[in-house]
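Subject: Structure handover

Hello,

Here is the structure I promised to pass on. Please open it first, then read my notes below.

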Amino acid sequence: MQSLNKTIGVILILIAAGVAIHTVIEPLYHTSDPNSDNPHSSVWGIINPISAISLILGLIFSYIRINKVGDNSSIQEFIAANTLFYGFMFAAIIFFWNWFGILNAKTFTAVGDESRSTVWIIFDATLPLLNGALGAHLLRNSGGE
C-alpha cells in the first residue's frame, strides 16, 4: 500500500503541475477564434480525461484519508481530510457537469459559453491545489503506514 500511495501521490502532483502550467501559458501561445467550433487549445482534449482520472483518484484516496481520521486525530488532520474530500467532490461536480455539457453542446444549451469558461477557470485553479495537497500528503505519509 505504501508504494501505491507514493505512486498515486507522484501522479497527482504531476497532473497538478500540468494543469496549472497549461492554464497559465495557454493565453501566451493559443490564439482564440470565437467563430470556430472550439476556440480553446486542443491540449484540453488530452488534459480533460487526465483530470477526470485524477478526480476519481482524489475522491478515492481522500475518502480513505477521511475514514482514517479517528478520536486520536488532531483537529488539523480532521479539517485537512474533510477539506480535501469535499473539495474533490465540488471539483468533480463542476468538472463533469461542464465536460458533459461540452460533449453534448448541440442539445444542452442551459448555459452560455461565458458561463462555461468561468466554470473551467474555477476548476483549473482548484484542481492543482487539491491534487498537489493530496499528492504531497500521500508522499509524506507513504513511509509510515
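One definition to start with. A crossing of two helices is left-handed if the near helix is turned anticlockwise from the far one by less than a right angle, and right-handed if clockwise. You will need that for the helix pair described below.

Please keep in mind that this is a predicted model.

**The overall picture**

The protein chain has four helices and zero strands. Read from the N terminus, its elements run α-α-α-α. The chain has 145 residues, and 37% of them count as buried. Now take the contacts in the chain with a separation of 6 or more: 69% of them come from residues 24 or more positions apart.

**The H3 and H4 pair**

Two packed helices are described by the angle between their axes and the distance between the axes. For H3 and helix H4 (residues 113–140), the angle is about 145° and the axes lie 9 Å apart. Which hand does the crossing of H3 and H4 have? The crossing is left-handed.

On the H3 side they include Leu84, Phe88, Phe95, Trp97, Asn98 and Ile102. On the H4 side they include Arg116, Val119, Trp120, Phe123, Leu130 and Leu134.

Two of these residues deserve a look, one from each helix.

- Asn98 is in helix H3. Its relative accessible area is 0%, so Asn98 is buried. Leaving aside neighbours within four places in sequence, Asn98 is in contact with Arg116, Val119 and Trp120.
- Leu134 is in helix H4. Buried or exposed? Leu134 is buried, because its relative accessible area is 0%. With neighbours within four places in sequence left aside, Leu134 is in contact with Leu12, Gly58, Phe61, Ser62, Leu84 and Phe88. The C-alpha atoms of Leu134 and Phe88 are separated by 10.0 Å, and the two residues are 46 residues apart along the chain.

**The loop between H3 and H4**

Val111 sits in the loop between H3 and H4. Its relative accessibility is 25%, so Val111 counts as partly exposed. Not counting residues up to four places away in sequence, Val111 touches Trp97 and Arg116. Gly101 is ten residues from Val111 along the chain, and 8.9 Å separates their C-alpha atoms.

**The salt bridge**

How many salt bridges does the structure hold? It holds one. The side chains of Glu77 and Arg65 form it, at 2.9 Å from N to O. This pair links distant parts of the chain: Glu77 is in helix H3 (residues 75–103), Arg65 is in helix H2 (residues 44–68), and they are twelve residues apart.

The two partners fall into separate classes of accessibility. Glu77 has 24% relative accessibility, so Glu77 counts as partly exposed. Arg65 has 10% relative accessibility, so Arg65 counts as buried. The cut-off for buried is under 20% relative accessible area.

Arg65 turns up again in the contacts of Ala81. Ala81 lies in helix H3. At 1% relative accessibility, Ala81 counts as buried. Ala81 touches Arg65, Ile66 and Val69, not counting residues up to four places away in sequence. Ala81 and Asn67 are 14 residues apart in sequence, and their C-alpha atoms are 8.8 Å apart in space.

**Helix H1**

Go to H1 for the surface. Which residues make the nonpolar surface patch of about 530 Å²? They are Ile21, Val24, Ile25, Leu28 and Tyr29. Val24 is in helix H1 (residues 2–29). With 60% relative accessibility, Val24 counts as exposed, because the cut-off for exposed is over 50%.

Thr7 lies in helix H1. Its relative accessible area is 44%, so Thr7 is partly exposed. Thr7 and Gly135 are 128 residues apart in sequence, yet 9.1 Å apart in space, C-alpha to C-alpha.

**Where to look**

For a quick tour, begin with the left-handed crossing of H3 and H4. Go on to the salt bridge between Glu77 and Arg65. Finish at the nonpolar patch that includes Val24.

Best wishes

How values were computed:
Residues numbered from 1 in each chain as written. Predicted model: local features only at pLDDT ≥ 70, side-chain atom pairs only at ≥ 80, totals over all residues. Heavy atoms only, no water. Patch = residues over 30% accessible without salt bridge, like charges linked within 9 Å, V, L, I, M, F, W, Y side chains within 5 Å. Areas by Shrake-Rupley, 256 points an atom, 1.4 Å probe, with all protein chains shown as cover. Salt bridge = Lys/Arg side-chain N within 4 Å of Asp/Glu carboxyl O. Helix = DSSP H or I, 4+ residues; strand = E, 2+ residues; numbered from the N terminus. Buried < 20%, exposed > 50% of the residue type's maximum accessible area, 1.4 Å probe, protein only. Axes fitted to C-alpha atoms, helices over the stretch in contact; angles between N-to-C directions. Contact = heavy atoms within 4.5 Å.
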